[in-house]
Amino acid sequence: MEAFTTHTGRAVPLRRSNVDTDQIIPAHWLKKVTRDGFEDGLFEAWRKDPEFVLNRPEREGATVLVAGPDFGTGSSREHAVWALQNYGFKAVISSRFADIFRGNSLKNGLLTVVLDQKIVDALWELTEADPTAEITVDLEAREVRAEGVNAPFELDENSRWRLLNGLDDISITLQNEADIATYEAKRPSFKPRTLTA
Amino acid sequence: MGRTLAEKVWDDHVVRRAEGEPDLLFIDLHLLHEVTSPQAFDGLRKNGRQVRRLDLTIATEDHNTPTLDIDKPIADPVSRVQLETLRKNCADFGVRLHPLGDVEQGVVHVVGPQLGLTQPGMTVVCGDSHTSTHGAFGGLAFGIGTSQVEHVLATQTLPMARPKTMAITVNGELPEGVTAKDLILAIIARIGTGGGQGYVLEYRGEAVEKLSMEARMTICNMSIEAGARAGMIAPDETTFAYLEGRPHAPKGEDWDAAVAYWKTLKSDDDAEFDAEVVIEASELSPFVTWGTNPGQGAPLSASVPDPASYEDASERLAAEKALEYMGLEAGQPLRSIKVDTVFVGSCTNGRIEDLRAAADIVKGRKVADGVRMLVVPGSARVGLQAVSEGLDVVFKEAGAEWRHAGCSMCLGMNPDQLAPGERSASTSNRNFEGRQGKGGRTHLVSPQVAAATAVLGHLASPADLAAADDRTPAGV
């Protein structure tokens, strides 16, 4: 995973609530067997509208998505995170994320930042009025900065440490392989097995 | 202090607990399908890793599989590659696979329970958000992303932050004609699509205790639509009776030991939940969605709401966008909404009890002109069972299409899709924009409402059929 320390970029204000992962990346894109090449599928249905915010020329190259509440609901597809990253997003800001999407994002180095809706509103107003306005997402200082905005955010220390260092979960877990083996040895015999010995 | 059911199952699976770290949980069962696993197997290969516990892993094909001509090569080359990739990955790593055409193939969340692999007190994961289904047996079951699929393949564990717990108590009895689907749609409308976020939901109370396992699975299945990764129901005699004799259920002494353990799996009387919701079952009636998220629902007897009636600005905007997408007018009675398609199936309502309920309603009746009704069993086994009961004939005589098992029109990854502008009454779980096909419009309903809607051509309950009924009496 790519490490995340701090990022500054222009924003895409997405004034919609309940953006589900079917909207982020429709199911027919899920037939791909790679982690890349999903950028053209990002918000595919909405991008058919030339007025959709992502299609506006002034948003080209923006890297911070400022989304409405309950972003990433629905399907567990990690492809939603890959699509956002493939498109170029480094961070997503919302007042509330769906659990599975949030977990997937943090495992891929896409920083999802939870801020109070009032601050999200302020960021929307700022970046709608001035598309060149930049937002800084600083994971070291745990704060989001923009003109007129200086907002601390929370992220558990363990997730932050893994992101700052770009650490791979599996390697960390395998350092505790002995604990897994100990647990396995005491599992009850009535637990089902998919293979008969 | 006592513990909740969720806390008991959680505690029993902690491999490692350390200050400042998420708990490392052991996973008892890992279910795989073709869509969310290829990149995980690639990751294993790249790092020279193996599947740690092949005996706790099982795969099937469901999302992409066609429901017609399953003996022919899959027409869509991209779908074919994805299925072939799963077959190669399972062969390379030694994972048990039930491919298309196999008698145990089907929607992954139907297959696990029917094999008896899903049992009380287990941790079950799958790269699919509807894994919450398996919580109906009193285990912790949740959907995971592909990175986590790889993690479980490699380590049989997952680092997880301990969730909060929410009790959803349903008092009293469900009225005649009101189903588990109506109940869960009403719960989601009440707590919202984000209401369960961060929680494990425990459904309890008299109305829940009286439900069959199939109905309990319908409820737990849609926990994710309320934002909760997992939903669960304490195991009881109904659970044990469902499991006994299934291929992977414990036998002999193991059965006795298992049941003794399973009986401890309930929230203690003095357990404290982080949140509680109480629902009166007697106040419920058939429930349908009108919008583009599962929380935008109302009783069938109601009308399409006026977005102006929402105080919250973002809800108002969401309702406006939903009505525009759905092509509906505020104030229009829900019963007046005409459909083109009726879909009966999915991990929500594709089990035998669901097919029986729908068949019972269409029996001796005809699907309305201009409506196509698709009946897709949740698994090949469910299909066989239905055929042995003659349900396929009932559906076909009514003018419905009887198909092979798979996810099908729930998400339209295979050829079963809505055309732009088409409207469905669907027993599935998501009414998102374009979910069932680009531009398609979805109303989530129970199998009973789906069947009545197919006959009348507009959203309807079985009770509506009685009025203007032309059913041929049985035996004539």
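The questions and answers below concern a predicted model with chains A and B.

Residues are numbered from 1 along each chain as its sequence is written, while chains are lettered from A and ligands numbered from 1 in the order in which they are written. In this predicted model local features need pLDDT of at least 70, side-chain atom pairs count only at pLDDT 80 or more, and totals for chains, interfaces and linings use all residues.

User: Which helix of chain B gives the largest share of the side that touches chain A?

Analyst: Counting two residues as in contact if their C-beta atoms, placed from the backbone, lie within 7 Å, 65 residues of chain B are in contact with 49 residues of chain A. Helices are DSSP runs of H or I with at least four residues, strands are runs of E with at least two, and both are numbered from the N terminus. The largest share of this side of chain B, 6 residues, comes from helix 5 (residues 146-155) of chain B.

User: Are helix 3 and helix 4 of chain A parallel or oblique to each other?

Analyst: Two packed helices are described by the angle between their axes and the distance between the axes. Axes are lines fitted to C-alpha atoms, for helices over the stretch in contact, and angles run from 0 to 180 degrees between N-to-C directions. Helix 3 (residues 79-87) and helix 4 (residues 99-108) of chain A pack at about 50 degrees, with their axes 9 Å apart. Since angles under 35 degrees count as roughly parallel, over 145 as roughly antiparallel, 65 to 115 as roughly perpendicular and the rest as oblique, helix 3 and helix 4 of chain A are therefore oblique.

User: Which helix gives the most to the side of domain 1 of chain B that touches domain 2 of chain B?

Analyst: The domain assignment, which is automatic or from a database, gives domain 1 (5-275) and domain 2 (288-467) of chain B. In chain B, 37 residues of domain 1 are in contact with 37 residues of domain 2. With 5 residues, the most is given to the domain 1 side by helix 6 of chain B.
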